[in-house]
Amino acid sequence: MADILSIAEICNRYDSEWILVEDPEVDENLEVVRGKVVWHSKDRDEVYQKMLELRPKQSATLFTGRMPKDTAIAL
């Protein structure tokens, strides 16, 4: 999982999964456009646990599926 992938490639390869991206490249709106996928899982907590284990200097966590209507997102 060391290849640098575009956000489209990440979404196609890891449909409806939580993704940990190391050294993400972002656009002017701070949206991830590409990066190195270091972990992925259907289980969000597993990805967060891996982030604590790996402790990347710069990272982003993404979800490639659709959030349910009643989901609240805190930043």
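This is a short tour of a predicted model, stop by stop. Residues are numbered from 1 along each chain as its sequence is written. Local features need pLDDT of at least 70, side-chain atom pairs count only at pLDDT 80 or more, totals for chains, interfaces and linings use all residues, and side-chain values use heavy atoms, with hydrogens and water left out.

**The core.** Select Leu5, Ile10, Tyr14, Ile19, Val21, Val32, Val37, Ala60 and Leu62. These 9 residues make up the largest nonpolar core (buried Ala, Val, Leu, Ile, Met, Phe, Trp, Tyr and Cys residues joined through side-chain atoms within 4.5 Å). At least two of its residues come from each of β2 (18–26), β3 (32–41) and β4 (59–63). Strands here are DSSP runs of E, at least two residues; helices are runs of H or I, at least four, and both are numbered from the N terminus.

**The aromatic pair.** Next, show Trp18 and Phe63. Their ring centres lie 4.8 Å apart with planes at 35 degrees, so the pair is tilted (centres within 6.5 Å; under 30 degrees is stacked, over 60 edge-to-face, the rest tilted; Trp by its six-membered ring). Trp18 is in β2 and Phe63 in β4, 45 residues apart. Trp18 is buried at 14% relative accessibility, while Phe63 is partly exposed at 26% (buried under 20%, exposed over 50%, partly exposed in between; 1.4 Å probe, protein chains only).

**Helix α2.** Move to residues 44–54. Asp43 caps the N-terminal end, with a side-chain oxygen 3.0 Å from the backbone nitrogen of Asp45. Just after the helix, Arg55 takes a positive phi of about 50 degrees.

Note on methods:
Polar contact = N/O pair within 3.5 Å; in protein donor to acceptor, adjacent residues only side chain to side chain.
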